[in-house]
Amino acid sequence: MEINPIVLKFVYAAVVVSVIMGLCSYAVLAERKISSWIQGRVGPNRTALPLVGGIPILGPFLTRLGIFQPIPDGLKFLFKEDVLPGHVNKFYFMMAPVISLVPALTTVVVVPFGRFVNEAGDVVPLVLANVNVGLLFLFAISSLGVYGVVLAGWSSNSKYPFLGGIRASAQMISYELAMGVSVLPILMWVNAPGKEGTMNLFDIAVAQNGFWFAMWMPLSAIIFLVCLFAETNRLPFDMAESETELVSGFHTEYSSFKFGLFFVGEYAHMVIGSCVFTLLFLGGWNPLPFVTLESLGMGQGILGAVLSVGIFLGKMCAMMFFFMWIRWTLPRFRYDQVMKLGWTILLPLSIANLILYIFIIYYLDTGL
Amino acid sequence: MEEKDNLITVNIDGQDLQVPPGTNMVEAAAMLGKEIPHYCYHPKLTIAGNCRMCLVEMGMPGKDRATGEPMLNEDGTPKVMWMPGPAIGCGTKAAPGMHIKTDSPKAIESREAVTEFLLLNHPLDCPICDQAGECTLQEFSSSHGRGYSRFIEEKNVKPKRTRLGPRVTLDDERCVLCSRCIRFCDEVAGDSVLGFTDRGSYSTLTCFPGKELANNYSLNTVDICPVGALTSTDFRFKMRVWFLKETNSIDLETSVGANTVVSAREGKVYRVKPRRNDEVNDTWMTDSGRELYKTIESEDRLLECSIGGVPASAQDAIAEASSVLQGGGVAIVGSGRNSVEEQYALKAIAKSTNASAVYLVARYGEDDGILMSVDRNPNVRGALMTGLIDALPEEQLSGLGAKIDSGEVTTVLSSQEDLLAAGLSEEQLGKVSIVYLGTHRNGTSERAKVVLAGLTSFEKSGTVINQQFRIQKYSRVVPGPGGAIEDLYALAMIQANLSGESFASTVGSIWKEIGAEGTPLAGIAFQSLSDQGQLLDSSAFDHIPFKEGKSLHFEPKQEAVAAE
Amino acid sequence: MPFVIKRKPLNLMEKLYLPEIARGLSTTFKKIWEKPVTLEYPEQRPTIPEGYRGVPTLVRDPEGREKCVSCQLCEFVCPPKAIRIVPGEIPEDSEYAHVEKGPKEFDIDMLRCIYCGMCEEVCPEEAIWLQNQFSMSGYSREEMVNNKDKLYELGGTLPDEHFKWNKKKDAAAKGGGH
């Protein structure tokens, strides 16, 4: 049976998006649980599904774990009263949450989740669109996400959202520079003279069959990671929300489903950010540095594909945990500290890092 | 007033003070703002000197016995010969050169000793005692007491719920045997029924055998009781005094116009007490006058206005009343219970309706020679002063009845007066349209075309003129029922509708007109009227044969008595 | 007088910031494995310490006499005016006629009460006590007003040993201390 490849793409897309959304909702639960563990609390442990919760031992266990919590959380976003304040610019106000979520989901298109080795021995990336300019596409699209924040801040027509939006845009600009520059050494390495030029994320992952880039270029990794926090508006960089100063920042005026979109958007950004960091620096689906699935003899067929996806998702989840761990460890920066860090430390550092690797790669290429 | 030469110089705690002769030391110290504590002494009663609380140290300038020359100190000041023991302040009259010390160690020690003795057998009843909060024993115990008791024996137990009379309950344990109540009954009420029996700690206040404290002044004994021994059966256990807000008012029972202070909490009146006015009622008032507050919440109170028996808003009722009064053939029945302001407004209405006659209904009762006068209307003289009437009113409205019968009168405006009670027949009332402004339901309100629910004197402010032609004011104590309107406001609105001109509708503003130059009440204003009232020139009314006889602080004019 | 707290200058490791972050992360990571301190409320209840100021209640003495004599001092002292008392007289045929006065109605509006305990402090009869009940809830405003019956039900009996009023009764029986 032949299925129209375009239809197939839609199905894939739907599957990927729903997986991402599911990840997001459980990321929320994870965040609540991790914060409570770190703070010596219990966290959500009451929500029970009528049937599943009634299973002996397992039901109460899952309930204590809060496994069912995302369901009411989601329903709450759907069914709470949707307040549309009278003073907002309605069109942009409604657009903003969409603009904030869509880029995050769009970037998923170019993120490979694993690879499949068919019987012919060809390595097929498990990705929706295996485009050559993957990394560029990723940066281009994901930086659109800030428009949602800025638009929300501006269209809310109220001072706290406005300040939040302004901060978000300034922060985005400041950290995107350092972020881009910090990735350049990887691209130079991957696109070494003599190789076929590529910005494909799959190829970058494959390039880490030996050294992972986090080991080879640790400074790049750290700079990228810090910028990633800033880009996803996660603590300690959540200047746009900063409850202590701006009530709720850009989404102060939002309620119900529109707020839910922002909320999911934030976690979607985190998911994508974790994927990208895994791909760029943590060797993608390679189980260990210098160890590939092939070298373990498990790279073939469906098993290999599942293993690769599993390893990839595992690393991604570890990254998510790291995001949350940081959030409940570090206090928020002051706004001027954020700016200072971005412009006076990260940017020069990333440029210095770039120059360093230019020389290193030059010497490696020319054979010293 | 005493002439300057007659004043005596005394020295209290080192301060020289000039006092009239006969002033005792408690009063003299009060002039300097010093309080000498006392229980038995009362300014309006004779001096008994039996509580010993007002002990002070006293001394006189010394004289050489041989020569009669004043003894001098080395610096030339008179040498004071202090008496070895303390003297009672209430019984010590001012003498030239007298020195007293109110806060010397000896005086303080004496006071503390007296307080300790008084507290020996005094029960620890303060939590259930109605006097708590205004109890002099409580106050002086904290200011002059030692703060703990050395008395380890069992306290006296005496009867706690003795009924002395219909309105007074006695708690004998609390009594400090000051005898104020006995003296009051003997000297002021003229009804000697109280006395002490037994001796020492057995001493008990009792009524004489076969008698009870039932006179119309019995509750004054409760007021002057310095402790909680005599309590008002009506007020007993109703409310603690520290919750009560006190407002100055006037007893509108008779034309004496006793000054009162009304205690209320959260819109509910709890008691009426006399207020000292040495020109009118001293510190007394009648028991019957204290009961008047019960009319506020009585069953037959009018709670809302009505038109033809159907409840209506105050505005509609006023508009309807105005149109009824525009029909002509108007007679006005005012009241001696109206305030001066209301009478003034009634007079204005009489003028703009071309009323054929204005009546007042007289009420006469028995005279007790103290604070109950013959005239039970508190403000007949107000009606005379405002010109509402020009002769004493009659008890029966036979003149009005005749006018109704002849058809001359077709509309009657009655303020607070029940026309049936005033001698008109139901048949006569049936012939006229009645506008009734009053506080309680009666035969007139049932037959009235328009009923305007008014306020009692506790719910509005106003002035009245008593038998001495003393104008006195009372103030609002509690708010009225929601559906009622202030009488003056209703009358002013009616007058405004009738005349087409605005008419002052508040007690404050109407005095600009009443007290205007050239009128009998010139120069008087509600706001500036003193709490003690103001005596008016009554010479224009000397020819009127007022019926009041002699009473406390009131002598009838000779001409009037002669005319009688 | 203002004074300045001197900040310790950061050393190199601290200036690098990342090691300090790592230290922080290790601290929080250790915390994850510690036992939660949460008290899971409806099932687990806190232990109420001595002198706790819970819901104000009225108490009876061991004989079952209501201790309150409706002196209304609590009503007077109550800062949010939560207490309402209608005083009444104890009838002469009552066993406690010698106390004379008792509350006819006694309402405490728990929506107003601020649990300050001044009523307990001011009470001359030790009749009102803030006991250890700490959670009051209801579906209507009326329900949140504790009337006299409810207050005695909540309050119970005070193991009182003074019997102030009984002493007086005894003295009267013995002839009144003369």
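Mentor: Let's begin with a term: a salt bridge is a side-chain nitrogen of Lys or Arg within 4 Å of a carboxyl oxygen of Asp or Glu. Keep in mind, too, that this is a predicted model.

Trainee: Thanks! With that rule, how many salt bridges are counted between chain B and chain C?

Mentor: One example is the pair of C:Glu100 and B:Arg161, whose closest N and O atoms are 4.0 Å apart. On the chain B side of this contact, the residues divide into 13 charged, 10 nonpolar and two polar. The count of salt bridges between chain B and chain C is seven.

Trainee: And what area do chain B and chain C bury between them?

Mentor: Start with the residues: 25 of chain B are in contact with 29 of chain C. Nine residue pairs are in polar contact across this interface, both residues being at pLDDT 80 or more. Carbon and sulfur atoms give 53% of the buried area, and the total is about 2,300 Å².

Trainee: Let's turn to chain A and chain C. Which residues of chain A lose the most area to chain C?

Mentor: Here 17 residues of chain A are in contact with 16 residues of chain C. The two chains bury about 1,400 Å² between them, with 68% of that coming from carbon and sulfur atoms. Three residues together make up 31% of what the chain A side buries, and they are A:Ile38, A:Arg46 and A:Trp325.

Trainee: Which element gives the most residues to the side of chain A that touches chain C?

Mentor: Polar contacts between chain A and chain C come to nine residue pairs, both residues at pLDDT 80 or more. The elements of chain A that give two or more residues to this side are helix H1 (5–38) and helix H14 (301–327). By class, the residues on this side are 11 nonpolar, three polar and three charged. The element that gives the most, with four residues, is H14(A).

Trainee: Which residue of chain C forms a salt bridge with A:Arg64?

Mentor: There are three salt bridges between chain A and chain C. In the one made by A:Arg64, the closest N and O atoms are 2.8 Å apart, and the partner is C:Glu40.

Methods: Residues are numbered from 1 along each chain as its sequence is written. Chains are lettered from A and ligands numbered from 1 in the order in which they are written. This is a predicted model: local features need pLDDT of at least 70, side-chain atom pairs count only at pLDDT 80 or more; totals for chains, interfaces and linings use all residues. Side-chain values use heavy atoms; hydrogens and water are left out. Contact means heavy atoms within 4.5 Å. Buried area is the accessible area (1.4 Å probe) that two parts lose on being put together, summed over both. A polar contact is a pair of N or O atoms within 3.5 Å; within protein, one must be able to donate a hydrogen and the other to accept it, and residues adjacent in sequence count only if both atoms are side-chain atoms. Ala, Val, Leu, Ile, Met, Phe, Trp, Tyr, Cys and Pro count as nonpolar, Asp, Glu, Lys and Arg as charged, and the others, Gly among them, as polar.
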